[in-house]
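Trainee: Could you take me through the packing of this protein, with a close look at its aromatic pairs and nonpolar core? I would like the cut-offs along the way.

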Amino acid sequence: MDQKAPAAQVLQHPGAFALQTLKAFRANQGLLLAGAVAYYALLSIVPLLILFVIALSHVIDQAELLETLAHYLEWLLPGQSQAIVGELKNFLDHRDVIGWVLFATMLFFSSLAFTVLENAMSVIFIHRVAVRRRHFVISALLPYCYILSLGVGMLIVTLVSGSLQAMGQESVQFQGHRWSLGGVSGVLLYLVGVSGEVFVLTSVYLVMPVGRLSLRHALIGAVTATLLWEVTRHLLVWYFATLSQVNLVYGSLTTAIVVLLSLEIGATLLLFGAQVISEYERLGREPLKVEPEPMKTEKV
């Protein structure tokens with residue numbers, strides 16, 4: 001079949017493709033997988049951020065690093081970034097108590113989400129796992145290599161964001177008129193954030209599934225998940241600001257509940273993007289209307 005055939009099928013029948021993807025996501029127990037990823041992400045996010053800040057604070061001012069983290073954590077955890085950054089700051093103020101045992105513990109917990117995410121991807125890309133399995137040593141080292149890569153990415157984003165924020169304080173004067181660059185800086189910061197989302201998601205789709213995934217397919221899934229998350233994120237911000245009564249119901253547990261809910265939604269969209277890629281690959285082998293097979297366990 002022609003390589004352009006899958007794209008042509010999607011363009012001719014976008015609704016049918018979306019419905020097919022939703023059916024496959026449901027057949028793969030996507031919400032259940034997303035719940036597992038979100039739970040382990042909740043365990044991983046604080047130790048992971050602590051490791052990032054401790055490492056990067058040797059080359060970047062800590063206050064600037066925390067400000068950048070607060071800005072972009074707001075994209076992942078709407079309305080809760082300041083609470084997370086506050087806990088990070090409290091921990092960093094007592095970093096001298098961190099021993100090797102605590103450091104190893106944080107490193108272990110920071111890798112849990114990536115391990116569970118790899119297993120979830122294996123369910124969605126079962127056709128790849130059936131053909132080719134990843135060596136267990138690679139699976140064991142993959143989360144730590146990915147954490148290192150994310151740390152480098154955080155360093156680059158912090159430097160770029162600092163430069164853009166500094167540019168926002170400047171102004172341009174032309175023919176007696178002065179224009180502030182604050183608006184331009186804000187737009188560029190937003191574009192950096194969106195581009196960072198696409199880049200991180202693309203890297204996840206390239207690395208986590210078994211076998212080699214084409215960059216074009218990874219970008220399809222990443223752009224889909226990013227667009228869905230941007231819409232969802234703005235709805236979450238509006239909901240928590242206007243309608244939510246979660247603080248009255250959960251009290252002191254509000255931050256944990258809201259963070260878990262945000263991670264659950266984010267994990268769902270992340271895995272849905274992976275399902276889009278899987279169904280797009282499937283179009284190259286099967287007609288669009290072939291029903292997906294539900295995930296089954298063998299009878300003992």
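Mentor: Happy to! Let me start with burial: a residue is buried under 20% relative accessible area, exposed over 50% and partly exposed in between, using a 1.4 Å probe and protein chains only. By that rule, 42% of the 300 residues of the protein are buried. Please keep in mind that this is a predicted model, where local features need pLDDT of at least 70, side-chain atom pairs count only at pLDDT 80 or more, and totals for chains, interfaces and linings use all residues. Residues are numbered from 1 along each chain as its sequence is written, and side-chain values use heavy atoms, with hydrogens and water left out.

On confidence, pLDDT is the predictor's own score for each residue, from 0 to 100. Its mean over the protein is 77, with 77% of the residues at 70 or more. The lowest confidence is in strand E1 (residues 171–174), with a mean of 51, and the highest is in H2, at 89.

Helices (H or I, at least four residues) and strands (E, at least two) are DSSP runs, numbered from the N terminus. The protein has 12 helices and 2 strands, in the order α-α-α-α-α-α-α-α-β-β-α-α-α-α from the N terminus on. Taking a contact as heavy atoms within 4.5 Å, residues 24 or more positions apart supply 78% of the contacts with a separation of 6 or more.

On to the aromatic pairs. Rings of Phe, Tyr and Trp (its six-membered ring) pair if their centres lie within 6.5 Å; planes under 30 degrees apart are stacked, over 60 edge-to-face, and the rest tilted. The whole structure holds 3 such pairs. One of them joins Phe25 and Phe272 edge-to-face, at 5.7 Å centre to centre and 85° between the planes. This pair links distant parts of the chain, since Phe25 sits in helix H2 (residues 14–27) and Phe272 in helix H12 (residues 254–283), 247 residues apart. Phe25 counts as buried because its relative accessibility is 7%, and Phe272 is buried too, at 15%. Another edge-to-face pair is Tyr39 with Tyr40, at 5.2 Å centre to centre and 80° between the planes. Here Tyr39 is partly exposed because its relative accessibility is 44%, and Tyr40 is partly exposed at 30%.

Next, the core. A nonpolar core is a set of buried Ala, Val, Leu, Ile, Met, Phe, Trp, Tyr and Cys residues joined through side-chain atoms within 4.5 Å. The largest one has 62 residues, and those with the most contacts inside it are Leu49, Leu117, Met121, Val204, Tyr205 and Leu271. Helix H3 (residues 30–56) gives the largest share of this core, 14 residues. Beyond its neighbours within four places in sequence, Leu117 is in contact with Val37, Val204, Met208, Leu270 and Leu271.

Finally, have a look at helix H10 (residues 215–242), where His217 is found. H10 has 28 residues and reaches 40 Å from its first C-alpha to its last, close to the 40 Å expected, the expected span being 1.5 Å times one less than the number of residues. Among its buried residues are Ala218, Gly221, Trp229, Glu230 and Arg233. His217 is buried because its relative accessibility is 15%. Leaving out residues up to four places away in sequence, His217 touches Ile277, Tyr280 and Glu281.
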